[in-house]
Amino acid sequence: MTQHPIRRIVVAGGGPAAHRFVEAMCSRDATGISITVLTEEAHQPYDRVALSSALTDTGVDLALGEPDLWVTGGVNLVTGARVVDLDLQTQEAITSDGGHYPYDELVLATGSNAATLPIPGNEHTHVYRTLEDVWTINAQVKELTASLGRTINAVTIGGGLLGLEAAAGLQTLGANPVVIDGGNWLMGTQLDEGAGQAMGRLVADKGLEVHGGVFPSSVITDPDGGQVTGVEMADGRVIPADMVVVSIGVRPRDDIARALNGRAKTAAAEAAGKTPEELADEDYDPVFRMGARGGIVIDETCATDVDHVWAVGEVANFDGKSVGLVAPANTMAEIVADRLHGGDAAFEGFDTATKLKLSGVDVASFGDAFAAGDGALEIVYADPARGVYQKVVVSDDATTLLGGIFVGDAAPYTSLRPLLGRELPAEPGAYLSAAGGDAPDTELPDDAVLCSCNNVSAGSIRDAVNGCGSCEGDSPVQELSALKGCTKAGTQCGSCVPMLKKLLEGELTKSGITVSRALCEHFELSRAELFEAVRAVGLTSSEQILTRFGTPVEVAQPGGDTIQQAPLGCDICKPVLASILASQHTEYLLDGGRGTLQDTNDRALANMQKNGTYSVVPRIPGGEITPEKLAVIARVAETYGLYTKITGALRIDLLGARLEQLPEIWKELVEAGFESGHAYGKALRNVKSCVGSTWCRYGVQDSVAMAIELELRYRGLRSPHKLKMGVSGCARECAEARAKDVGVIATADGWNLYVGGNGGANPAHARLLAKDLDDATLIQYIDRYLMYYIRTADRLQRTAHWLEDIHGGLDHVSDVVISDSLGIAADLEQAMARHVDNYQDEWAATLEDPERLRRFRSFVNAPQEKDESIVNVNERGMNRPATGAEAAAAYEEGMVPLGATIPVRSGAAEAAAAAEQVRS
Amino acid sequence: MTTLTAEAAPAAVDLQWHRVCQVDELETAWGEAALIDNLQIAVIRLSPSRIYAVDQRDPATGACVMSRGIVGDSGSRATLASPLHKEVYMLDTGECPGNTGLRLPTFPVQVADGAVLVGLPDGSARTDHPDHPDHPDNPDTPGRSGAAA
């Protein structure tokens, strides 16, 4: 063979391993190299790990990496091209459509196939492997649900990781999820029996029906043979099924190698005068050695038995195993790229660590999870009642970490995983967090792998943070997102991101770099610093604050000189100034230039919706409301055509009011005794309560009265973020007070005070601050707690995060609030007293003054006109905003005046018909 | 007569000037909506001699809300943040540094005898619907490039 001037590299297969290989090649020197990726799929390589997200959301984009990769010079992605054969003499890969692709180096990355079940009816089942597979499953769930007119039974055969993911996805799609598993417990590859049983209970609680320990024997269809009706089990039972998904594992796609081996065997048989069947396997040399259960054998360099042919990912068999996980595939791809560049990287074995969330259940397994090694010790904590199982596997001297399993609570996994094979810094039992273990924070050694998906060590992350040359320009990378981009750590499964963040912060602290807490380009100070500065100097307006503490702006003068002047601020710092001024002075929000500081909602004393209309939320303290007041809300909603909805905070939201309608609406509400609910403010929202001892046969205190007292005390209090409170009348906690910033729970002797709870995207349970308080002490502590938070928290920092962030944490805050360790308790209480004394209802104050009403005019030059761009649709008896398509279609027809209501449409495509209906 | 935002007034397009309100009807840094025929615009006063006019329609969502955004500055240039999703636009050019795919149409402003005048391309029939052939957001509109380039 003549040496080709360009080194031609051909990759067979287009999955994650192929993607990683190309990325690894391009990140090294790729001059003089052409890379051709031959994939039978119609897509760019996509993230198969995230396939379950495409099952429930078919629009999700799973493409891996930067799309630019595939238009880089020298990289050629050929879709729809399946490699079926190789010509080892001419060094060509041959595709099913007859294409010949000459190579200097060939990388086999063909992955694996979903295994199918050798039982009758198998042809009626689905597999779960490609985007097309999950799209088909998605479509069939919808079709069957529609055609059968009921919740369908979707059976998944296989209780492994993928099978459970599929079942959870099917549940999300509205099917009744059933799992059939031949094993005695779920996820038998990753979990031991105790963990598997815990997993089984947890997923059963989530609504998954599990039939374990029995194998299926056939898939039954109706007499026409088209529609699946059930799965027959080996013990004769029939599980009703409308569709069946099979997820019983994967088989390496090694048919290219098998074809070559088959030809070699035929040739050897001919030479020996036998038929291939007569020739024993040991009597001929296969071209590629294969694993006993499939897979092309590779050595530690990822080379196969054939020169210039490499294998990576699930098709590769190393040490007798092929493994269907992304981390080893990525590692192999990196190794081949390194070897092709003259490096000496070597594969050290499979990292089978797995962490995932299935139906909301955390599961993690790593290392020698089954304690199979000699003398390995297992330290186990199992709590079937809570659905928690935690196990740490250590060496016989109980020092070296060998593996672990976590179900239900996988919190220790992220910090333990990088310590695999190392001496544990604490007693193994200390890592069982569910048992109350309290493991020390550990400094990771440089060679510990922090991100196993992308094989990134703690050392290389430290290098990047400190600018030791691992990144372009060698500049230090000191932000989490940049660090992820630079090192690729945390970019695949994401489970190591908390550790990554911790490591970054630790490194920055060590090098004396203070993380900038500057508010924005206009203030070097953090919110907490600015709050104290404004308070100390006694500033009372935003102009004063911007002049005194803002970063000056250089403004060019006509003569060519520049002068320095105070900045105007921006959408980040102006609402902070508004909040600080409001917390310190409790004045009408929109007067004296303060109106221009307010964020979207505060500006209109209402919550702006997507179409520019507002929602109105009157305060209903503690959720208690008279029938008369309910009737007022009903009347207002009817008069103004507002959409009404009960909120999660025991109140009623009235949506769809135009700016200029707000004063009229509030006039009626204020006259009926309502006041602002501050749903628009970074302020106290509401105090949720249960019905309490007045009615409830379990209640021990009057939670409603306490909730009303607290709500009326703290209403209107501006803070760094919104504040929510709850009061429960007994330990049953029906008011969910521990999900609030301040939670009060009745005891026989008074009230327990909990702080720092949060719902939403980052749920946190509030923690106990003080027990069995009388009413006065409870309020005193809440006064101090809230005011200390208001003074010291960062912008938009909820109390839960603040408690984590503040130096000393809850213990410190507890010292300040209860023991007055800073000597500021009286000051905090006085500040709160000033707020309580100065509170006035913002809407009543607005209505009193015609100058204030000016802010609610529709148009400065036409205050009598209304905004005609707002189009409503009537749906389920009330108005909602028209979608863009509905409004445009109605407008196109010319039959609907803008500002009108058009009838409900279910889809945008039918929007044109909407106008038709209006006409008729 | 002073043209305040000259960069928004190209010579090639005939502008028609519309009186909106008196300068002192506008509060500093408090945006107001104005209706010119059926076109909604946002008028923003930074000082008696520094007034901007932009489209009232939020380029990102299509909702007519821009006058209710926060007025600020970046360096020495005035900005307006969309009240819905907080994209920040330069008031002089309408560009959105955070998302170059977005642009807020801007209109020239003059102050005469204490009145605020906004220049719109001559003959543009006013509708606030962006798909309307004459809306300044519509790429086919003859005056569009002139109004905001």
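1. Aromatic pairs. Across all chains, this predicted model holds nine aromatic pairs, where rings of Phe, Tyr and Trp (its six-membered ring) pair if their centres lie within 6.5 Å, planes under 30 degrees apart being stacked, over 60 edge-to-face and the rest tilted. One of them joins A:F318 and A:F350 edge-to-face, at 6.4 Å centre to centre and 75° between the planes. This pair links distant parts of the chain, 32 residues apart: A:F318 lies in the loop between strand 20 (316-317) and helix 7 (326-340) of chain A, and A:F350 in the loop between helix 7 and strand 21 (354-358) of chain A. Helices (H or I, at least four residues) and strands (E, at least two) are DSSP runs, numbered from the N terminus.

2. Conventions. Residues are numbered from 1 along each chain as its sequence is written, and chains are lettered from A in the order in which they are written. Local features need pLDDT of at least 70 and side-chain atom pairs 80 or more, whereas totals for chains, interfaces and linings use all residues; side-chain values use heavy atoms, without hydrogens and water.

3. Extent of the interface. The contact (heavy atoms within 4.5 Å) involves 41 residues from chain A and 39 residues from chain B. About 3,200 Å² is buried between the two chains, with carbon and sulfur atoms giving 52%; buried area is the accessible area (1.4 Å probe) lost on putting two parts together, summed over both. A:D571, A:R603 and A:V860 supply 21% of the area that chain A buries against chain B, more than any other three residues.

4. The elements giving two or more residues to the side of chain A that touches chain B are strand 28 (553-556), helix 14 (573-585), helix 15 (600-604) and helix 25 (884-893) of chain A.

5. Confidence. The predictor gives the complex an ipTM of 0.82 and a pTM of 0.55. The mean pLDDT (the predictor's confidence in each residue, from 0 to 100) is 88 for chain A, with 94% of its residues at 70 or more. Chain B averages 81, and 73% of the residues score at least 70. In chain B, pLDDT stays under 50 over residues 125-149, for which the model has 64 contacts beyond four places in sequence. Where pLDDT is low, the predicted coordinates should not be read in detail.
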